Amino acid sequence: MNSQSQRRKNFKIEAFKHKVELDPKYAERTWKVLEHAIHEIYNNNASRLSFEELYRSAYNMVLHKYGDKLYSGLVATMTAHLNKIAKSVESAQGGLFLEKLNHKWADHNKALQMIRDILMYMDRSYVPTSHKTPVHELGLNLWSDHIIHSPNIQARLQDTLLDLVQRERTGDVINRGLMRNITKMLMDLGSSVYQDDFEKPFLDVSACFYSGESQQFIECCDCGSYLKKAERRLNEEMERVSHYLDAKTEVKITSVVEREMIANHMQRLVHMDNSGLVNMLIDDKYDDLSRMYSLFKRVPEGLSTIRDVMTSYLRERGRVLVTDTERLKDPVEFVQCLLNEKDKHDKIISTAFNNDKTFQNALNSSFEYFINLNNRSPEFISLYLDDKLRKGLKGASEEEVEVVLDKVMMLFRYLQEKDVFEKYYKQHLAKRLLSGKTVSDDAERSMIVKLKTECGYQFTSKLEGMFTDMKTSEDTMLDFYAKQSAELGDGPTLAVQILTTGSWPTQPTAACNLPPEILTVCEKFRTYYLGTHSGRRLTWQTNMGTADIKATFGKGHKHELNVSTYQMCVLMLFNSADGLTYREIEQATEVPALDLKRCLQSLACVKGKNVLRKEPMSKDISEEDVFYFNDKFTSKFVKVKIGTVVAQKESEPEKQETRQRVEEDRKPQIEAAIVRIMKSRRVLDHNSIVAEVTKQLQSRFLPNPVVIKKRIESLIEREFLERDKADRKLYRYLA
Amino acid sequence: MRRSSNRKSSAAAGSGSTKAASKEFEKIDHLFNVYADKSSAIIDPEGIEQLCSSLEVDYTDVRILMLAWKMKAQKQGFFTLEEWRTGLKALRADSISKLKKALPELVKEVSRPTDFLDFYSYAFRYCLTEDKQKCIDIESACQLLSLVLGTQFGPQVDKFTEYLKSQSEYKVMNMDQWMGFYRFCNEIPFPSLENYDSDLAWPLILDNFVEWFRENQK
């Protein structure tokens, strides 16, 4: 039938088309199988099912475009089951409610898993293309909608959970495992479910609870106990979270506790009478302070609150300390007190406040504030050092010495008027060196090094000069005696300390009349010295020397008296007279009145040292007194020390004088600073000069703006500066 | 006299101005010699006193000081010939009557702000009688202030001199403080003193004055 030509032209083999039409009844049947399977799964009868068959059925349905039917059927079936479950859960009594819910949830998950496995093909192909929710998620959503948010369950669930928490907070033991499962369930259902159905109400209820509890505690507890309770609650909540809440809840609940228990009551706690921060500081309550620190650290402004209260307490305490007139009578005690306070608070900060730098700074600024309230602080600190270097550190090891000196340096750093300290330190050092009364040369040197490190070379160059002088004098004396021994013979032995003027504290030299024996040997020394050092000038400082005199009293008692030069002059007079009036002594020795009175007082009015007898026997020296050699003097010591060259707290007039000298010294320093500044800036307004000068001099002292103005005017008068002609608020440097 | 002056003016109109100039100074010089001391050829304090009586002006009158300023006189109490010539020429006076008439003009001239400043500082320097002297004692300063500023800034001057006399810290006043006070009178409203700021570059003596004044107001 086919022509050959036709066949050759268009021979095509067509694909075998087998139209497989799933008839609707088949779809329905297949669905029924699956529906049945779902029922069985929910009824825990899954073991009898064939996974492979069910999978194939689902596959076929989807393949033959019955995905919609499958899906909506799934939804309907699940929903029906869930409604049944809901009723079952609702009917549970009391405590069994949660258990049932938990149980059913576990079941549902198992079921869901199986269902999803069966319907996996649908999940992968039908669901995405038709933008439906995947099976697993669908299962969760349906659970949410029909169980959790079921009207009879939702509120009850929330109340049950919160009630359990409340019970646990008040001391009951609850089933934590069950709680964990429930909260995990809520998390699985979506974090918004967890938050809305549980977390938010939980936080609100907790806030209420802690608000009430904190109010209750604060009425009846002292600060320390309250903080302990707060800490306990905080720890409890954190533990709660770790056991049965979602981890993200931790920071939320802790901030609730922090706010309710700490932040809202901060002021009241800190200022609590008898147990607040100040009391803790006073009583060194390290634990309580440490607890307060770590708790307050959690809340805004917490640490700054502690810091502020501590600062104002310290300032007030310090102010009281430095203005306490009783304490001021003993400078060494005064400084020791300050050191003790510093130690105490250092320890508090390192033990309880975690060495927090901001607290250290607050401590430092408080000390700086009150130390400078008393303008004798520099003098007293120097006296303290004098006491330590003279005798206090006797026998101490090198480390101990360093520790003490370093602590004093801390106080020194707080001083505003460091130049006043320098003046006193120089005076006291001079006395120590000249009387040979220093506990350790190394300690002295160490102190100088510390001052140099702190203040620079200029501060200590003169002090070092003093040490050099002492050494040089020693060498000079050796040489003197080596060369002159023949000529000196039996004269008194001389020990001269040659002080370079300028390095040593200046004191007005009032020469007195030296006894002839002394004069001779002094002249010999002068000749010797000027022989080797021509061009120099020597002036005897009779107010600073000492002498050892051999004295014979009644019954042949011999003693060696160690006295000051002035005292020696007085005593030697009694070699040629048994009694002398004050006036006679004054005239013969030419010792200045104030010094003469002081030295006569120590010779005649001090028990155990009264080598002179005074008539009348009154305590004070008057110009009408008469003095007699005290034949009856006795002492158990062979060597008796009567010298008065010890550093002591200055009397009021002396203090005024020193301060005046300090003020005088400051003037050239201020002027030098002004000139330096103007030289580089050329033109400057008044306030800027004051600010710059203050900045430049702050390591030594705090200049008074009025004094600065006066210096500027003096410089204008001497034509170093002028007022600018155009703008008279400015100053101009004149080259 | 008249005829000679006419002769002078007619000659001036024509040639020979130098001739006229020397002739002009001739009268001035002549007047100078009336009051000058014969031996020193300088008008000394006595001569000035006579001049004052001729002018019918008290010798403590501020107008004499103004005259000295016009003359640029260097030394208080003395007028040299040069100074005399400078002053009288500037005032266009060559007789006592003309000089007398020139005084009111002079006063007006001095009161002009720029001229007054110059006059004010001149007044201070005029009182520095010794070589290298930089200050005048407070008593004299007070007198000078009243004389020079009394009419213009009476209340301030009164209060300031009261203060100066009552305090003992300052025994002398220097140029800087002198000039500062004038600036003070010009810039600071009195007696409110509202915009006075001691943190600015006012001389310290004025800071102290203001403090004293405010204390006394209470």
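Helices α4(A) and α7(A) cross with a right-handed sense, in what is a predicted model. The residues through which they touch are, on the side of α4(A), A:Tyr71, A:Leu74, A:Val75, A:Met78, A:Thr79, A:Leu82, A:Asn83, A:Ile85 and A:Ala86, and, on the side of α7(A), A:Val135, A:Leu138, A:Gly139, A:Leu142, A:Trp143, A:His146 and A:Ile147. Sorted by class, this contact of α4(A) with α7(A) comprises 12 nonpolar and four polar residues, with no charged residues. Two packed helices are described by the angle between their axes and the distance between the axes; here α4(A), spanning residues 67–91, and α7(A), spanning residues 135–148, pack at about 40 degrees, and their axes lie 10 Å apart.

Further along chain A, three strands form an open sheet in the order β7-β9-β8, and their pairing is antiparallel. Because β7(A) and β8(A) each have a single partner strand, they stand at the edges, and one side of each is left without a neighbour in the sheet. From one strand to the next, the twist averages 30 degrees.

| Strand | Residues |
|---|---|
| β7(A) | 683–685 |
| β8(A) | 721–723 |
| β9(A) | 730–733 |

Strands β8(A) and β9(A) run antiparallel and are joined by three bridges, and A:Arg723 has A:Tyr731 of β9(A) as its bridge partner. Helix α30(A), residues 705–717, packs on this sheet, where it touches β8(A) and β9(A), and the direction of α30(A) makes about 100 degrees with that of β8(A).

Technical notes:
Residues numbered from 1 in each chain as written. Chains lettered and ligands numbered in written order. Predicted model: local features only at pLDDT ≥ 70, side-chain atom pairs only at ≥ 80, totals over all residues. Heavy atoms only, no water. Axes fitted to C-alpha atoms, helices over the stretch in contact; angles between N-to-C directions. Helix = DSSP H or I, 4+ residues; strand = E, 2+ residues; numbered from the N terminus. Left-handed = near helix turned anticlockwise from the far one by under 90°. Contact = heavy atoms within 4.5 Å. Nonpolar A, V, L, I, M, F, W, Y, C, P; charged D, E, K, R; others polar. Pairing = 2+ DSSP bridges.
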